[in-house]
Amino acid sequence: MSLKTLLPGGPSVKAGQQTTLGVMGGGQLGRMFVQAAQAMGYFTVVLDPDPSSPAGLISHHHIKAAYDDEQGLAQLVQRCDAITTEFENVPAAALATLAASRTVAPSAACVAVAQDRAREKAHFEQCASISGVSPAPHTIITTDASLQAVPADLLPGILKTTRMGYDGKGQVRVSTREQLAAAWDDLDKVPCVLEKMLKLRAECSVIVARGADGQVASFPVQKNTHNDGILALTEVYDGALDATLAQRAQASTVAIANHLHYVGVLCVEYFVVEEAGGALDLVVNEMAPRPHNSGHYTQNACDVSQFEAQVRALAGLPLPTPRQHSPSTMVNLLGDLWFAPNATRAQASQQPVSPPWAAVLALPGTHLHLYGKLGARPGRKMGHLNITGSSVAQVRETTAQVLAVLGLPTLDA
Ligand code: ADP
Ligand code: MG
């Protein structure tokens, strides 16, 4: 695909002729894309059916329509010079419709691979011959025969729906064939991937931005800690991860993006696993065709954020290698923080209280990002805190203080 360069409109541009970037989806990722685009002088349009979507609330224009609504898509085409997406479950057919007359990045074809764990794993396996990083041992279950044929050494394992899973949803851990059969039944026998359960030593992810000309900018490797399947903490500083593994993860991510002829921002997640002899190895898990929660630290710790990189890739602007200027962590702020720690759900729904932001912001190098969501709920992503400092020790110290102030679990030693 070739993309033309779309510079932001200058002072001579007439009203209605500004260079305009559109985004499918109005969640927090769309909001931060809109903020980055507006900072560079672009006009923005968001398509999202929710009248109070975080991105719709701040965009120049908000088309309140379903993602497959023909009129909504036609309006988006009419208003925008180029269009991106902020979530992977956007209908690939809608992106293909938009691409008939507008620049769309990432392409419908790339998004379709990321939407389907089976296709994603097949792509990773093809790239493994170049990168040396393979996915977990797995098999695809689509029929009773394929269920019967599951090799015994994939158990215990994790059964994952091939489509629509996120934040640990659409996944069941199974130890025996009986549990596997029952779990697949519970999932209405939709197509699934069964993955061998691995012993994880750590999780990490890499974000790259790739332009239509093939230029790839790779961000530093992030170490991620999840709670209940939801990202809780990202750490990005020297020593957070083994340097050799981090280099391999970056090289693998570039190979995965290149091999797809990907245009836009791509995040690939990895597991660090312990081999039989005790050596550490890398396993590629999944990818997201968009900026990622684990890349939010780039807003305050890098000279180009993942959202600015998304704007640049979409607009065909240069993508120099981003530089991380500060060691950093990112703490996710879930809706649970708005409620007393021991409140029942019924109490919680009645008495949300604002978390102690003043105490958090009194600590050096704390950067608060809230998404403007109306209504905190347990488990809902409400915002994040980026923490930067002049040294690793200082960032870790501030992070420990932030976690204590918020009543969140402490950092590992
Ligand atoms: P999601 O789309 O929900 O993020 P993932 O495939 O990333 O789905 O799985 C969520 C989490 O479950 C991972 O971050 C990891 O902690 C754990 N997990 C997933 N697959 C495996 C596996 N094969 N072995 C061990 N843990 C796994
Ligand atoms: Mg994941």
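The exercises below work through a predicted model of one chain with a ligand.

Local features are taken at pLDDT of at least 70 and side-chain atom pairs at pLDDT 80 or more, while totals for chains, interfaces and linings use all residues. Residues are numbered from 1 along each chain as its sequence is written, chains are lettered from A and ligands numbered from 1 in written order, and side-chain values use heavy atoms, without hydrogens and water.

**Exercise 1. Domains**

State which domains the chain is divided into and how far the centres of domain 1 and domain 2 lie from each other.

Solution. Step 1: the division gives domain 1 (20-104), domain 2 (137-196) and domain 3 (200-406); such bounds come from an automatic or database domain assignment. Step 2: taken over C-alpha atoms, the centres of domain 1 and domain 2 are 34 Å apart.

**Exercise 2. The largest nonpolar core**

Find the residues with the most contacts inside the largest nonpolar core, and the elements that supply it.

Solution. Step 1: a nonpolar core is a set of buried Ala, Val, Leu, Ile, Met, Phe, Trp, Tyr and Cys residues joined through side-chain atoms within 4.5 Å. Buried means under 20% relative accessible area, exposed over 50%, and partly exposed in between (1.4 Å probe, protein chains only). Step 2: the largest core has 26 residues, and Ile256, Leu266, Val268, Tyr270, Leu282 and Met287 have the most contacts inside it. Step 3: at least two residues each come from α4 (108-114), α5 (117-131), β11 (200-210), α8 (243-259), β15 (264-274) and β16 (280-288). These are DSSP runs, helices being H or I of at least four residues and strands E of at least two, numbered from the N terminus. Step 4: α8 gives the largest share, 5 residues. Another core, of 21 residues, lies apart from this one and includes Leu29, Val34, Ala37 and Ala315.

**Exercise 3. Ser252**

Solution. Step 3: beyond neighbours within four places in sequence, Ser252 is in contact (heavy atoms within 4.5 Å) with Ser131, Val133 and Tyr270. Step 4: Cys127 is 125 residues away along the chain, yet its C-alpha atom is 7.7 Å from that of Ser252.

**Exercise 4. Ligand 1**

List polar contacts of ligand 1 and say how much of the ligand the protein covers.

Solution. Step 1: a polar contact here is a pair of N or O atoms within 3.5 Å. Step 2: an oxygen atom of ligand 1 lies 3.0 Å from a polar side-chain atom of Arg117. For Glu286, a side-chain N or O atom is 2.8 Å from an oxygen atom of the ligand. Leu198 uses a backbone N or O atom, 2.9 Å from a nitrogen atom of ligand 1. Step 3: of the 550 Å² of accessible area that ligand 1 has on its own, the protein covers 91%; areas follow the Shrake-Rupley method with a 1.4 Å probe.

**Exercise 5. Backbone geometry**

Solution. Step 3: His261 counts as exposed because its relative accessibility is 61%.

Terms used:
Polar contact = N/O pair within 3.5 Å; in protein donor to acceptor, adjacent residues only side chain to side chain.
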